[in-house]
Amino acid sequence: MAPVPRVKRRRLLQAALSCLAASPWQARAQQVIPLADMHSHYGMITRRMADSGFAEELRSQSVSLAAWKIIADSRWIRPTQTGIEQVSEPKPGELSAHFHHHLDRMRAYLGAHRLNVVLTPADVDRAHPGEPAVVIASEGADFLEGRVEALDTAYAKGLRHLQLVHYIRTPVGDFQTKAPVHNGLSRMGQELVRACNDMGILVDLAHCTAPAVEQALELSRKPVVWSHGWVDGDGGSWQDPYGYLRRRLSLRLARRIAAEGGVVGLWGLALSRPGLWPVAAGDTLAYAREIVKLVDAIGADHVAFGSDIEGVGSNWVLNDYGHLRKVVAHLQDLKLPASVIEKVAYANYARVLRTALDVSGK
């Protein structure tokens with residue numbers, strides 16, 4: 001399918017933004033500001049899924065949308081003193097089996113706790129405080145094992161949000177923490193972006209190198225997200241001494257994602273000695289200030305929460321949705337306009353997700 005011209009793409013974005021005022025969630029926001037999270041591992045790493053309280057937490061904290069992410073390469077990575085590294089090589093078939101095992105566990109939990117699953121644009125619109133909806137997501141497309149056609153099975157099981165790369169070597173493309181070998185996205189990675197557009201899966205560029213981000217933005221006919229991370233200057237390099245530095249997204253690319261209608265999520269990492277990333281453990285006010293800075297830098301329509309709950313281990317500023325609710329209170333205290341808070345807290349992710357899922361005009 002021929003790509004949509006950029007001018008037309010921007011007009012479609014403007015139309016989507018203008019429709020936001022009439023969207024179903026906004027009237028409900030008069031009562032409580034819903035929360036959305038573009039990147040959560042709640043109940044997957046430091047908590048046991050079965051008794052994690054994930055469902056109860058979503059309901060009690062008025063979380064309306066949560067991208068619940070399988071870590072597609074978790075079996076083959078380990079934390080080190082400087083970041084996260086690949087420690088072993090998966091055998092053929094192991095990545096697929098690992099992914100589908102965890103996906104089936106997630107689906108069983110969602111069914112047992114009667115949590116709604118987002119499959120269509122209408123499901124996004126139905127999500128609201130008290131009746132949360134979960135977006136089945138994957139951190140890494142490693143489970144495809146180089147075959148775009150393997151996406152069909154994951155889609156049939158409910159996958160609707162796909163991050164292309166993570167921490168292990170992959171035929172999809174280059175990632176921020178290791179020396180590049182693909183010069184961005186591979187041919188397979190480029191086909192994957194197109195396939196996600198065609199099927200109705202949100203493309204997530206978190207962890208991608210700058211060339212991979214550039215290529216994905218050129219290819220995608222729909223807005224994309226950078227679900228979690230932070231924005232700083234020229235961005236990170238795989239040669240930086242620490243993983244959190246390598247994971248920087250440049251301001252230029254953050255603005256490019258925004259210009260194409262996309263959304264950038266701020267992660268919940270904390271540093272014991274805050275430096276370039278000035279957020280210490282548990283400091284929800286510092287996190288809120290970083291949200292305000294990002295809004296000023298790339299625009300209120302393009303910032304969201306990407307908590308990375310449990311994904312940052314003990315180095316967290318956000319470890320449950322009560323903490324994220326505190327962030328909303330801080331944003332109010334910092335005099336961020338109510339309309340902007342509502343966009344950051346919920347509406348921006350809802351909009352971009354709804355757009356990605358809509359395949360009616362493909």
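I take buried to mean under 20% relative accessible area, exposed over 50%, and partly exposed in between, with a 1.4 Å probe and protein chains only. By that cut-off Cys-208 is buried, at a relative accessible area of 1%.

**Ground rules.** This is a predicted model, so I note that local features need pLDDT of at least 70, side-chain atom pairs count only at pLDDT 80 or more, and totals for chains, interfaces and linings use all residues. I number residues from 1 along each chain as its sequence is written, and side-chain values use heavy atoms, with hydrogens and water left out.

**Cysteines.** How many disulfides are there? I use the rule that a disulfide is a pair of cysteine sulfur atoms within 2.5 Å. The count comes to zero. I checked why for Cys-196: the closest cysteine sulfur, in Cys-208, is 11 Å from its own sulfur, too far for a bond. Cys-196 is also buried, with a relative accessible area of 0%.

**Helix α10.** Helices are DSSP runs of H or I with at least four residues, strands are runs of E with at least two, and both are numbered from the N terminus. Helix α10 covers residues 251-259. Which of its residues are buried? I list Leu-253, Ala-254, Arg-256, Ile-257 and Ala-258. I recall that an α-helix has 3.6 residues a turn, so residues three or four places apart point the same way. Just after α10, Gly-261 takes a positive phi of about 90°.

**α8 against α10.** Axes are lines fitted to C-alpha atoms, for helices over the stretch in contact, and angles run from 0 to 180 degrees between N-to-C directions. The axes of α8 (residues 210-219) and α10 come within 11 Å and cross at roughly 15°. That makes α8 roughly parallel to α10. For the label I use these limits: under 35 degrees is roughly parallel, over 145 roughly antiparallel, 65 to 115 roughly perpendicular, and the rest oblique. The crossing of α8 and α10 is left-handed; that is, the near helix is turned anticlockwise from the far one by less than a right angle, whereas clockwise would be right-handed. Contact means heavy atoms within 4.5 Å. On the α8 side I find Ala-210, Val-213, Glu-214, Leu-217 and Glu-218. On the α10 side I find Arg-252, Leu-253, Arg-256 and Ile-257. The contact of α8 with α10 has five nonpolar, no polar and four charged residues. I count Ala, Val, Leu, Ile, Met, Phe, Trp, Tyr, Cys and Pro as nonpolar, Asp, Glu, Lys and Arg as charged, and the others, Gly among them, as polar.

**α7 against α8.** Helix α7 (residues 187-199) packs on α8 at about 40°, with the axes 10 Å apart. That makes α7 oblique to α8. The crossing of α7 and α8 is right-handed. From α7, Gln-190, Val-193, Arg-194 and Asn-197 meet Gln-215, Ala-216 and Leu-219 of α8. The classes are three nonpolar, three polar and one charged.

**Positive phi.** Most residues other than glycine have a negative phi. Ser-62 is not a glycine, yet its phi is positive, about 55°. I place Ser-62 in the loop between α3 (54-60) and β2 (63-71). Is Ser-62 buried or exposed? At 12% relative accessibility, Ser-62 counts as buried. Glu-310, also not a glycine, has a positive phi of about 75°. The loop that holds Glu-310 lies between β13 (303-305) and α12 (321-333). Glu-310 is buried, at 1% relative accessibility.
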